[in-house]
Amino acid sequence: LWGSNWRMPTKEELEALLANCDVEWTTVNSVNGRKYTGKGDYASNCVFLPSAGYCSFGDVGGQGYNGLYWSSAPTGSSHAYYLGFGPDGQGVYYYDRNFGYSVRAVLAE
């Protein structure tokens, strides 16, 4: 449904986002999240990722506090890597794929 030019980000792309961007916890249109602004040649590029929370076994939580975004990279038979953040930190981690985390497609170049 995304079209041929869109795909899931890789684990390496999520790690590069953290390594090559200035990051701030902010609120946009009354929504908490992290704003990633590129450094150097990419300083004019930025993306805001809302802290949309998660869904776990039918329970929803973390809205306004946790941002959890899947990558395309599975690890083992039931886990995958994701970008996780809150107001106090961020990183690329892995967790069970049956959890409802957000998806943010990237444009393939």
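## Close-up views of the predicted model

**View 1. Strand 2 and strand 3 (residues 31-38) run antiparallel and are joined by 8 bridges.** The model is a predicted one, in which local features need pLDDT of at least 70 and side-chain atom pairs count only at pLDDT 80 or more, whereas totals for chains, interfaces and linings use all residues. Residues are numbered from 1 along each chain as its sequence is written, and side-chain values use heavy atoms, with hydrogens and water left out. Helices (H or I, at least four residues) and strands (E, at least two) are DSSP runs numbered from the N terminus, and two strands pair if DSSP finds at least two bridges between them. Within this pair, valine 23 stands opposite tyrosine 36 of strand 3.

**View 2. Three strands in the order 2-3-4 make up an open sheet with antiparallel pairing.** From one strand to the next the twist averages 25°, where axes are lines fitted to C-alpha atoms (for helices over the stretch in contact) and angles run from 0 to 180 degrees between N-to-C directions. Strand 3 contains arginine 34, which is buried at a relative accessible area of 8%; buried means under 20%, exposed over 50%, and partly exposed in between (1.4 Å probe, protein chains only). Arginine 34 and valine 47 lie 13 residues apart along the chain, and their C-alpha atoms are separated by 8.4 Å.

**View 3. Two salt bridges are present in the structure.** A salt bridge is a side-chain nitrogen of Lys or Arg within 4 Å of a carboxyl oxygen of Asp or Glu. One links the side chains of arginine 7 and glutamate 13, at 2.6 Å from N to O. Arginine 7 is partly exposed at 29% relative accessibility, and glutamate 13 is partly exposed at 32%. The other salt bridge joins lysine 11 to glutamate 15, at 3.0 Å from N to O. Both of these residues belong to helix 1 (residues 11-19), where they are 4 residues apart, about one turn of the helix. Glutamate 15 is partly exposed, with a relative accessible area of 34%.

**View 4. The largest pocket holds about 820 Å³ of space.** Of its 23 lining residues, the closest to the centre are Glu13, Leu17, Cys21, Val47 and Val106. On a 1 Å grid over the protein atoms alone, a pocket is an open set of points with protein on both sides within 12 Å along at least five of seven lines, unlike a cavity, where a 1.4 Å probe fits but cannot get out; lining residues have an atom within 4 Å of a point. Grid points are joined across faces, edges and corners, and the volume is the space filled by probe spheres set on the points. Helix 1 gives the largest share of the lining, 4 residues. At least two lining residues each come from helix 1, strand 3, strand 4, strand 7 (67-75) and strand 10 (106-107).

**View 5. Strand 8 (residues 79-86) is largely enclosed by the rest of the structure, because 7 of its 8 residues are buried.** Strand 7 pairs with strand 8 in antiparallel fashion through 6 bridges, and glycine 67 stands opposite phenylalanine 85 of strand 8. The hairpin of strand 7 and strand 8 has 3 residues between the strands, and there glycine 76 takes a positive phi near 70°. Strand 8 is also joined by 8 bridges to strand 9 (residues 89-96), again antiparallel.
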